[in-house]
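Thanks for asking me to look this over. Here are my notes, in numbered points, for you to read beside the model.

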Protein chains: 4
Amino acid sequence: MSAPASSDIGRLVVRCPDRPGIVAVLSGLMAELGANITDSQQHSSDPTGGTFTLRLEFLLAGLAQRRPELERRLAALGADWQMTWRLTDAAHRPTLAVFVSKTDHVLQELIYRVRAGDLRAEIAMVVSNHLDLEPVARGAGIPFHHIPVTPSTKADAEARALDLLGDVDLVVLARYMQIVSADFCSRFPERLINIHHSFLPAFVGANPYQAAHDRGVKLIGATAHYVTPELDAGPIIEQEVARVDHRATVEDMRRVGRYVERQVLAQAVTWHVEDRVIVEGPRTIVFA
Amino acid sequence: MSAPASSDIGRLVVRCPDRPGIVAVLSGLMAELGANITDSQQHSSDPTGGTFTLRLEFLLAGLAQRRPELERRLAALGADWQMTWRLTDAAHRPTLAVFVSKTDHVLQELIYRVRAGDLRAEIAMVVSNHLDLEPVARGAGIPFHHIPVTPSTKADAEARALDLLGDVDLVVLARYMQIVSADFCSRFPERLINIHHSFLPAFVGANPYQAAHDRGVKLIGATAHYVTPELDAGPIIEQEVARVDHRATVEDMRRVGRYVERQVLAQAVTWHVEDRVIVEGPRTIVFA
Amino acid sequence: MSAPASSDIGRLVVRCPDRPGIVAVLSGLMAELGANITDSQQHSSDPTGGTFTLRLEFLLAGLAQRRPELERRLAALGADWQMTWRLTDAAHRPTLAVFVSKTDHVLQELIYRVRAGDLRAEIAMVVSNHLDLEPVARGAGIPFHHIPVTPSTKADAEARALDLLGDVDLVVLARYMQIVSADFCSRFPERLINIHHSFLPAFVGANPYQAAHDRGVKLIGATAHYVTPELDAGPIIEQEVARVDHRATVEDMRRVGRYVERQVLAQAVTWHVEDRVIVEGPRTIVFA
Amino acid sequence: MSAPASSDIGRLVVRCPDRPGIVAVLSGLMAELGANITDSQQHSSDPTGGTFTLRLEFLLAGLAQRRPELERRLAALGADWQMTWRLTDAAHRPTLAVFVSKTDHVLQELIYRVRAGDLRAEIAMVVSNHLDLEPVARGAGIPFHHIPVTPSTKADAEARALDLLGDVDLVVLARYMQIVSADFCSRFPERLINIHHSFLPAFVGANPYQAAHDRGVKLIGATAHYVTPELDAGPIIEQEVARVDHRATVEDMRRVGRYVERQVLAQAVTWHVEDRVIVEGPRTIVFA
């Protein structure tokens, strides 16, 4: 459940080696500064000495003015506790670039959720290797960029895309039917989310609904994950399934799958922009 | 997910008026005593000044020996912060008394989960107004008490039951087909759990599956709740539903319902014995 | 799963008192005409003498030309077997009128599904007592009619609406925040669908999310039903729920609820236009 | 939903090449014999000429006496229509042999469901390569056979098992931790069901929960399937999943998985004994 956004609400995400006292130190700092912790979730990968992860939501009057002080204090703690941290103003709206090809269901869902206020972000641009969805983007008042991709122009196309993306906060592959290069991935570490139209790791690759149909599965799924150079193997953020039966053709599975895909990707993006997802090696921690 | 039970694992549940600094004070105390907080969940009913609730799991070497000190320190804090608290040794196995009538599915599930180690409790006795389930209890090595109930003997029957129950930790009404008196309820505040065979507040009362069938619902449900004097109105702990269709007769709904009921009640009892459920007025907080 | 639409695909829905031989008579007729039954579902409310209901999908070359003959034969059978029947050309796209107030999530979903080809119907008009959603309708190329409603003008408003509706196939109340009159209901018997934002029969009435929050439920639901003069008591077509926890505010429940509502209503409308819903007294048979 | 079992209820399952008129012929035969079809489901793999599959439930007074006549008539039709068929008396209780190793959750569930009358079958024997579950079987009054298996005695062990099994109707591998030989499989075509503790085809093989944990999946699943010589590749009957999060250890996943496994296998076995599952190449048709 998301908190009300106001300029006094902040979020702090912290990671460090697990040692007794870390919660006391951080909450002590918040108390000293006069912040009220309104929500906190923590995870210890191994209670006898692994990685400690914490997400705090807090109310602090005059957060914007007091932010430098808070950052200074966190930096000092960071050195002592080998701690990495991220501090966010909940009122900040991250920017998204959405990559699509020809199908619009996931894009439509992201547009709807941004408009409805359920996804607190701004879709800064839609990028596509096809022209089909230009009207959808334009109709929503979102800049659309057509970057065709062929095997021989792929590197150039990615370079053009990188140029356009600039310092966008998150890149979303919303049924973008191109494999992005390892180099492209490396530009957006933990900031590049894909929706795969199966329950990974089942049905990796190009035509999962056909594969699911051939295998006669009774549930079809979708998986949202961070993209890493290894195809379909990045850390999973969210998964869901829907029931099908023997009457479902491949086309029926695609139809059912569209509703699972849009739900799963929109949920993953929402969690990401609310600083709820922390990558830990090949897995994610989701403070939902 | 439950933590491994060992004599060094403790749980602390705390409630107090929400004020900045409470987390720092509590985590400071834990750090000072050398405890490592391995899991924490908190809830603020209203971030600008409501009730603060916290559940901690922690590792503390020599917990049994250090418990008096911890209790003394918590008692001191309790006075300052108007705080109520409960401290539990995770290795402690609470005792349950299970009330049944003629159907065994919920009792069987509780027995199975205790044996499998998924429900860390001890079923101290089975109490019934009928003899049908005596073999089930005896077969599992659980004392069985037959206390018949008629309108004229109800008060006596409850008195006998209270005698038997002694200081049992939790009373579970596992499809016990008698309404317990307000007086009986008051003896087990927040320690008396019932399974109602519908999605409350729909179908309050005696024959919910018939009512659900008559109304033509497409989902049937079950609700586990703490019992309060007002029938079927106590704080809800857990609910679940299952899909039915037009082919389901009332008997089919009962059959499907049994599997929902056993799952819902077993889950609620498990959360309760793991100190995950906190009652707040007419509602519960469940740190699942 | 819906079949491919082609001009040779027909659907037949039949109801009559249950007597041995009815399936043989109907399938014999289809065989005699050269139709191939590709899908069939039947339901007997009571195998020893209740109501028999059957839905057939069939392939018949030249269906349009052969339809009069088929109708003549069915009419003859209808007399013999006290049978009511409905014959539909699967290629026919029924017209919908969608009534809304200020929230657009259900309307957007219907528009999306029609465009995606998942809901084979045509939204002929959007009617609203407010102007807020005019841009949504116009943006989708759908005529929008503003009919303000006040207590004193309600009868006039409904008269205007009836005028506009003409012979529309189905009226959908997509979060239309007005109670329609018994007279209005009677104009659209089994052709008027509403989405109620709770798991009926829990939380009948005006503010179900507030009521659900006050009661502390762990699941919130939505119910699509045919509208009858008795408020929120018409035959239920579809229901679904979503999980919430103690952190959910009333506003959070509304947000979660929107996604359940749009799914449930869209599903109910889809089944209706595919002739999959048969009303039987206070209940529905859904040949999904 | 299962029908009431009585000696007058029969079930007919039919398969043949799809040709117009097959439904008419079969329902005509039933009508001629005076049977009332109370439930029917059919599937056409390809409406323009694939395989036609039909399952009928019918009421026929004096079924036992009239069965020879019915079989004679079906045999005649079978020749004309290249039809295979299976006729079952719903009152017949098939016999099951359940193979287990050390974990009892699936066996317990099967025992419970047989006793509750939800699974209309008889567990004729429990076979195990370990002695751990002998008390569970004996406690339920079921013969228990201990057949140890080592790599060198595997062939002998299977020979002993085959001897014991005799003409049992269905063999159920209820977390039996041995791979059965191709020869053993071939003795029970479409009569040998296994529960695999993952969402197949993800995590084929020996330690799926560890694999699921390593991969960081958000849902864990179970799959019941007919066993064929190719490991974990037989036709899937039923699948289900449960949600886990980052806090779940491998052991937690196993615990959650047990409840999914017992549900999925019990459902698959129930559908099988009610003649609801038809194998079609690598897939199943389930008339649930």
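1. Let me begin with the domains of chain A: the assignment gives domain 1 (9-89) and domain 2 (95-286), with bounds that come from an automatic or database domain assignment. Their centres, taken over C-alpha atoms, are 31 Å apart. In the contact between them, domain 1 of chain A takes part with ten residues and domain 2 of chain A with five; here two residues are in contact if their C-beta atoms, placed from the backbone, lie within 7 Å. On the domain 1 side, β1 (9-17), β3 (51-59) and β4 (84-89) of chain A each give at least two residues. By class, that side of domain 1 of chain A holds one nonpolar, five polar and four charged residues. For the classes, Ala, Val, Leu, Ile, Met, Phe, Trp, Tyr, Cys and Pro are nonpolar, Asp, Glu, Lys and Arg are charged, and the others, Gly among them, are polar.

2. A word on the ground rules, as this is a predicted model: local features need pLDDT of at least 70, side-chain atom pairs count only at pLDDT 80 or more, and totals for chains, interfaces and linings use all residues. Residues are numbered from 1 along each chain as its sequence is written, while chains are lettered from A and ligands numbered from 1 in the order in which they are written.

3. Now the overall build of chain A. Its secondary structure comes to eight helices and 13 strands, where helices (H or I, at least four residues) and strands (E, at least two) are DSSP runs, numbered from the N terminus. The C-alpha trace of chain A spans about 60 × 40 × 35 Å along its principal axes. For 288 residues, a compact globule would have a radius of gyration near 19 Å, and the 21 Å of chain A agrees with that. The radius is taken over C-alpha atoms, and the globule rule is 2.2 Å times the number of residues to the power 0.38.

4. In chain A, seven strands make an open sheet with mixed pairing, in the order β7-β6-β5-β8-β9-β10-β11; two strands pair if DSSP finds at least two bridges between them. At the edges stand β7 (144-146) and β11 (236-243) of chain A, each with a single partner strand, so one side of each has no neighbour in the sheet. Neighbouring strands are turned against each other by 20° on average, direction ignored. Angles run from 0 to 180 degrees between N-to-C directions, and axes are lines fitted to C-alpha atoms, for helices over the stretch in contact.

5. V126(A) has F144(A) as its bridge partner in β7(A). Helix α5 (residues 154-165) of chain A packs on the sheet, where it touches β5 (95-100), β6, β7 and β8 (170-173) of chain A, and its direction makes about 165° with that of β6(A).

6. The contact uses the same surface in both copies, as 100% of the contact residues of chain D recur in chain A.

7. That interface brings 23 residues of chain D into contact with 23 residues of chain A. On the chain D side, at least two residues each come from α7 (208-215), β11 (236-243) and β13 (283-286) of chain D. This side divides into eleven nonpolar, five polar and seven charged residues.

8. Chain C is superposed on chain A by a rotation of 180° with 0.0 Å of shift along its axis (RMSD 0.0 Å). G139(C) comes closest to the rotation axis among the residues of chain C, at 4.1 Å (C-alpha). Twelve residues of chain C are in contact with twelve of chain A. Two or more residues of the chain C side come from each of α3 (105-116) and α8 (250-273) of chain C, and α3(C) gives the largest share, four residues. The chain C side has four nonpolar, four polar and four charged residues.

Notes: Least-squares fit on C-alpha atoms with pLDDT ≥ 70 in both.
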